[in-house]
There are 2 protein chains.
Amino acid sequence: MSTSFNRRITLAARPQGAPKPSDFAAVDDAVPTPGDGEMRLRTVYLSLDPYMRGRMNDVRSYVPPVRLGDTMEGGAVSVVEESRHPKFSAGDIVFGYTGWQQYALSNGAGMRTVDPSIAPISTALGVLGMPGLTGYVGLLDLGQPKEGETVVVSAATGAVGSLVGQIAKLKGCRVVGVAGAEAKCRYAVDTLGLDVCVSHHDADLAEALKDACPDGIDIYYENVGGKVFDAAIGLMNVHGRIPVCGGIAHYNDTGSPPGPDRLAGAMRIILTRRLTVRGFIIFDHHHRIPDFARDVSEWLRDGRIGYREDVVEGIDNAVEAFLGLLRGENFGKLVVKVSENPTGGGSGR
Amino acid sequence: MSTSFNRRITLAARPQGAPKPSDFAAVDDAVPTPGDGEMRLRTVYLSLDPYMRGRMNDVRSYVPPVRLGDTMEGGAVSVVEESRHPKFSAGDIVFGYTGWQQYALSNGAGMRTVDPSIAPISTALGVLGMPGLTGYVGLLDLGQPKEGETVVVSAATGAVGSLVGQIAKLKGCRVVGVAGAEAKCRYAVDTLGLDVCVSHHDADLAEALKDACPDGIDIYYENVGGKVFDAAIGLMNVHGRIPVCGGIAHYNDTGSPPGPDRLAGAMRIILTRRLTVRGFIIFDHHHRIPDFARDVSEWLRDGRIGYREDVVEGIDNAVEAFLGLLRGENFGKLVVKVSENPTGGGSGR
């Protein structure tokens, strides 16, 4: 996969609704040469995550959007090809937000070294990376699960949800997943060890979820919004918690959806059942990284949790893979293998 | 106002939308005679509060609804007329949930004595009672105000809101009220001491609130829902808090209102600005009563806070007064003076 140029994927147009391939462009530049204090990184794995959809809109959010013509943002695991930086050497494996491209220059800011001896390096994008930390903090710190409680996790086989469900099981909860495809639901129960998994394709999702939660819901880990939220909030127990991690069902909305208006009904339940609904963005919780890294590494090593990756080959397939992610077509943490992995393979369970 | 019968107001029909007078009935019974361990109470002040609307619906909530034909529930301050109870004596002033009626029998359960030397006894229904505790706990415990933060309180001159605003001022916050009538807005600023008060009748409420909150909103104390919520949530700062105390704009809804659907937009803001939205019902927070009673009594005594009551005369006017409350027509804590106050008058500022 070595090339004589650096292909990068840029934002060509701001999407109206669902993004289309023409909202992106491929641009070929010269492979960069590091100056003093810099290093050249060759991207090995690029992470594709739902939050990237928000970066494509020109609206106020928690960080500025990607500008038109700029390289799409994203975290990646790279190998240092050439270093003129005192702290990094050629051959090092690093993680940083280097974007959708084959090569990047870096002065080291925001980069951290990835230790290939702990787990396959791609996990720095998933179970041991930002999605993993998101699931860990969202469940444990915001959700505050107690033994015997019922936890419902949407997008249950995704990068975040799969860790939420498995940690909730480790904490002694009854865990009910919500996913789409039948294969995902089976995987959630058979491999991740959830008690039940309900499909959001079910004609009567609310009824199916109710059957799966005979004691109601104490924690609803919110990744999706839409009808899954509606089904879950109606089953919340008094003093229930809803960590709000995402709402992928609405990322392509171009304005408020048509009625009926569900807000007043949701607020009524929040009030009468004394729920806590709390949004969070993972960079507010980086102080938990040491605990997270220790706990999850240990659980992985002991085989108490597993993970699954959906690996797409080549930067040229990144756009299609991302569009599929927004449609829920990935199965496990979606990564693009951009170039050869110098540490060898690696895959989830 | 002494009568030879006990007039009580019962729930005659479950309202569809806004309640009408025919949803209530007046029933005259004999004045009750206490048995052993009982006492007869003569209602002096009956409290009318928005939560009572919810009790009229036959739906799951935090307590069972009033049954058809039963006396409407409500807190009241009464005088003990005749006691065969060891702990209460004739002439004692007591508070309890004795309902919309002129007389009640009580075995003492749930009754507490009101000390007329602290403040006028009607305040046991307002600033020193359930609404006061609700404002105190909602602002301080859930809102966690910090000096210099901006607090927006809806229904700013109401029984709960007026205490929220005044306590927030005591805590060094910039406080912006939202109320209806111009006289209420003036009162909020001139008497309660809020920095600004915006009318929800303003043609562009969102813009008016934005002007009033140049640094955004850190705490939105939610009493009303509807367009006030919409205006406020758009201005919330990162890590803002929304204690959800009520939503009177929706209490007469018979189902989900027509679109557009505001829920996804609200959830997006909750997520990206990392808000905490927390519903509460005051009976979960009774452990705070000693702190509340100490602090608010002291603030009242020192003249650091004031209160206002809207006193309606006679049980026969309770229904109209309650319907007016749901339309926002009261100005201050709404109470019905059901019979002569044996301790003398008393009024707010």
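## Pairing across the chains

A:Val277 has B:Val277 of β13(B) as its bridge partner. Helices (H or I, at least four residues) and strands (E, at least two) are DSSP runs, numbered from the N terminus. The two β13 strands, residues 276-279 in chain A and β13(B), pair in the antiparallel sense over 3 bridges; two strands pair if DSSP finds at least two bridges between them.

This is a predicted model in which local features need pLDDT of at least 70 and side-chain atom pairs count only at pLDDT 80 or more, whereas totals for chains, interfaces and linings use all residues. Residues are numbered from 1 along each chain as its sequence is written, chains are lettered from A and ligands numbered from 1 in the order in which they are written, and side-chain values use heavy atoms, with hydrogens and water left out.

## The sheet

The β13 strands belong to an open sheet of 12 strands with mixed pairing, in the order β10(A)-β9(A)-β8(A)-β11(A)-β12(A)-β13(A)-β13(B)-β12(B)-β11(B)-β8(B)-β9(B)-β10(B). At the edges stand β10 (196-199) of chain A and β10 (196-199) of chain B, each with a single partner strand, so one side of each is left without a neighbour in the sheet. On average, neighbouring strands are turned by 15 degrees against each other, direction ignored.

Within chain B, β12(B) and β13(B) run parallel and are joined by 4 bridges. B:Val277 of β13(B) is the bridge partner of B:Ile242.

## Helices on the sheet

Helix α2 (residues 130-143) of chain A packs on the sheet and touches β8 (150-154), β11 (217-221), β12 (236-244) and β13 of chain A; its direction makes about 150 degrees with that of β11(A). Helix α4 (residues 182-190) of chain B also packs on the sheet, touching β9 (174-179) and β10 of chain B, and its direction makes about 165 degrees with that of β10(B). Axes are lines fitted to C-alpha atoms, for helices over the stretch in contact, and angles run from 0 to 180 degrees between N-to-C directions.

## The interface

Contact (heavy atoms within 4.5 Å) links 40 residues of chain B with 40 residues of chain A. The chains bury about 3,200 Å² between them, 61% of it on carbon and sulfur atoms; buried area is the accessible area (1.4 Å probe) that two parts lose on being put together, summed over both.

There are 4 salt bridges between chain B and chain A, each a side-chain nitrogen of Lys or Arg within 4 Å of a carboxyl oxygen of Asp or Glu. B:Arg262 and A:Asp261 meet through their side chains in a salt bridge (2.7 Å, N to O). On the side of chain B that touches chain A, α6 (226-233), β12 (236-244), α7 (263-272) and β13 (276-279) each give two or more residues, and α7(B) supplies the largest share, 8 residues.
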